[in-house]
Amino acid sequence: MPATVVVGAQWGDEGKGKVVDLLAENSDLVARYQGGNNAGHTIVAGDETYKLHLVPSGVLYPGTLCVIGTGTVVDPGALVTEINALESRGISLDGLRLSGNAHLIMPYHVALDGASEMRLGKFSIGTTRRGIGPCYQDKASRIGIRAQDLLDPKILVRKLEVALELKNDIMEKIYGLPRMSAQEIADGLIPYATRLAPFISDTSLLVDTALRNGQNVLLEGAQGTMLDLDHGTYPFVTSSNPIAGAASVGIGIGPTRITRVLGVSKAYTTRVGEGPFPTELDDADGQRMLERGNEFGTTTGRQRRCGWIDLVALRYASRLSGFTELALTKLDVLSGFARVRICDAYRTREGELLRDFPYHQTVFHGCTPVYHDLPGWDDDITECRDLKSLPTAARTYVETIAEAVEVPITLIGTGQGRHQVIDTVEV
Ligand code: GDP
Ligand code: IMO
Ligand code: MG
């Protein structure tokens, strides 16, 4: 059985958690392939709301294996807190598995993330300050600490000493932060090591075995395409690759195992943190999206910047990940607008019209959106469960997007709830 990737098509918070939870009902295994607890994936099931940061969004289905893959970065304390919180709500974590090769976020990563943001001042990235960037930095520098190191206290303290050798100087001399002791960090990790040890495994083998056994495997992306380290709006990006190709690397399976790629986009756009955002609105329309969409970050509580849907960016996302389908979430939030706007092209400073996303940052920074306006709709669509019951204007909006991106929209979000969705739609 081939694997399906669910990938954010914008700047994150597209509703991946809800989509993965929906698909997880018919999946045997759900695996996260990158990112860490910078992610915040919300699932609303009945009266219960779950905000997941590291645990895959398949956890609400008993018996589903939930894998935190090799490509992720894991803050042991944050993971233990999340596990305990879920267990206290009666959710079983028996199916959780943590890759022994996943890198661990250490206290110095968190300290350095905050200090580096402070130092950048007006050039700061607006990170979640969870230590994501510094942890991936150490991975690339080959001085990282991995989940498997928790299983060997002697190796753990030795590796911490190596990592801290230069880092302590940087913390003290560059940032004026206190030095840290390898032994103290290792001692502090003991309770987490005890708690996490039963989950640590060879997750590449696990996922491969599931695929060989014909099981349904879902690979859950965090963040979004425009935050991709290689292809996003660099430097205002995260430090990993959310795009679909990274799922193969981050899990440890061959790319030929992935045949279905579901891109997730809001019916409009949001972004948290700094960086360019061509369709951003600073007016009553943006305010309305913010309020009706309750656009506040799941992880940091920061207000999300809002704007109209950007098809130049969405086509780019489809190109980068090879979307076979698209889920369009939060269409209900657009009810009540007199007209809805679709950005179908950018105009450069020189007046050139671009349908393809420009590779050069200077060109991109100078782009203004070119809008195609469509009539809005007043009806509340939160009870709509099939395409026929959508107001004509809402249907036209969805069809216009599917045609322009050249990807079928197979899921439409009509509310926060698990079942507030129009499913198996081919527009
Ligand atoms: P993720 O990071 O991609 O999983 O998205 P977040 O959970 O951070 O943010 C998406 C927010 O939108 C969450 O509060 C979801 O409950 C909510 N949401 C998802 N789909 C819909 C939808 O179709 N309509 C509405 N109104 N809310 C939705
Ligand atoms: P989910 O999975 C939205 C943003 C941060 C910042 C930039 C870099 O919930 O969609 P980082 O802490 O990763 O170094 O921050 O990326 N960011 C997100 N924005 N949703 C997320 O995750 C994000 N994870 C990181 O706001 O601009
Ligand atoms: Mg989120």
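**Ground rules**

I am reading a predicted model, in which local features need pLDDT of at least 70, side-chain atom pairs count only at pLDDT 80 or more, and totals for chains, interfaces and linings use all residues. Residues are numbered from 1 along each chain as its sequence is written, chains are lettered from A and ligands numbered from 1 in the order in which they are written, and side-chain values use heavy atoms, with hydrogens and water left out.

**Entry: ligand 1**

Which residues come nearest to ligand 1? I noted Lys16, Gly17, Gly40, Thr42 and Asp332, out of 19 residues around the ligand; to be counted as near, a residue must have a heavy atom within 4 Å.

Next I looked up polar contacts, meaning pairs of N or O atoms within 3.5 Å; within protein, one must be able to donate a hydrogen and the other to accept it, and residues adjacent in sequence count only if both atoms are side-chain atoms. A polar backbone atom of Gly17 is 2.8 Å from an oxygen atom of ligand 1, and for a polar backbone atom of Gly40 I also find 2.8 Å to an oxygen atom of this ligand. On the side-chain side, an N or O atom of Asp332 is 2.7 Å from a nitrogen atom of ligand 1. On its own, ligand 1 has 590 Å² of accessible area, and the protein covers 94% of it; such areas come from the Shrake-Rupley method with a 1.4 Å probe, and for residues only the protein chains shown count as cover.

I then sorted the shell by class: one nonpolar, eleven polar and seven charged residues. Here Ala, Val, Leu, Ile, Met, Phe, Trp, Tyr, Cys and Pro count as nonpolar, Asp, Glu, Lys and Arg as charged, and the others, Gly among them, as polar. Helix H1 and strand E3 (41-45) each supply at least two residues of this shell, and H1 gives the most, with three. Helices (H or I, at least four residues) and strands (E, at least two) are DSSP runs, numbered from the N terminus.

**Entry: ligand 2**

Around ligand 2 I find 20 residues, of which Asp13, Lys16, His41, Thr128 and Thr238 come nearest. A side-chain N or O atom of Lys16 is 2.7 Å from an oxygen atom of ligand 2. Asn38 has a polar side-chain atom 2.9 Å from an oxygen atom of the ligand, and Arg302 has a side-chain N or O atom 2.9 Å from one. Of the 540 Å² of accessible area that ligand 2 has on its own, the protein covers 97%. I sorted this shell too, into seven nonpolar, ten polar and three charged residues.

How many residues of H1 are buried? Nine of the nine are, so H1 is largely enclosed by the rest of the structure. Buried means under 20% relative accessible area, exposed over 50%, and partly exposed in between (1.4 Å probe, protein chains only).

I moved on to Ser27, in the loop between H1 (16-24) and strand E2 (29-32). Ser27 is buried, at a relative accessible area of 10%. A polar atom of its side chain lies 2.9 Å from the backbone oxygen of Leu23. Beyond neighbours within four places in sequence, Ser27 is in contact (heavy atoms within 4.5 Å) with Thr64, Asn216 and Leu218.

**Entry: helix H9**

In H9 (residues 284-292) I marked Asp285, Gly286, Met289 and Leu290 as buried. Seen down the axis, these buried residues fall within an arc of 140°, so they line one face of the helix; the arc is taken from the directions from the helix axis to the C-beta atoms. Ala284 and Glu291 are exposed on the other side of H9. The cover over the buried residues includes strands E13 (305-307) and E16 (339-347).

At the N-terminal end, Asp283 caps H9, with a side-chain oxygen 3.1 Å from the backbone nitrogen of Asp285. After H9 comes Asn294, with a positive phi near 50°.

**Entry: Thr225**

Is Thr225 buried or exposed? Thr225 counts as buried, at 0% relative accessibility. I located Thr225 in the loop between strand E10 (217-220) and helix H8 (245-251).
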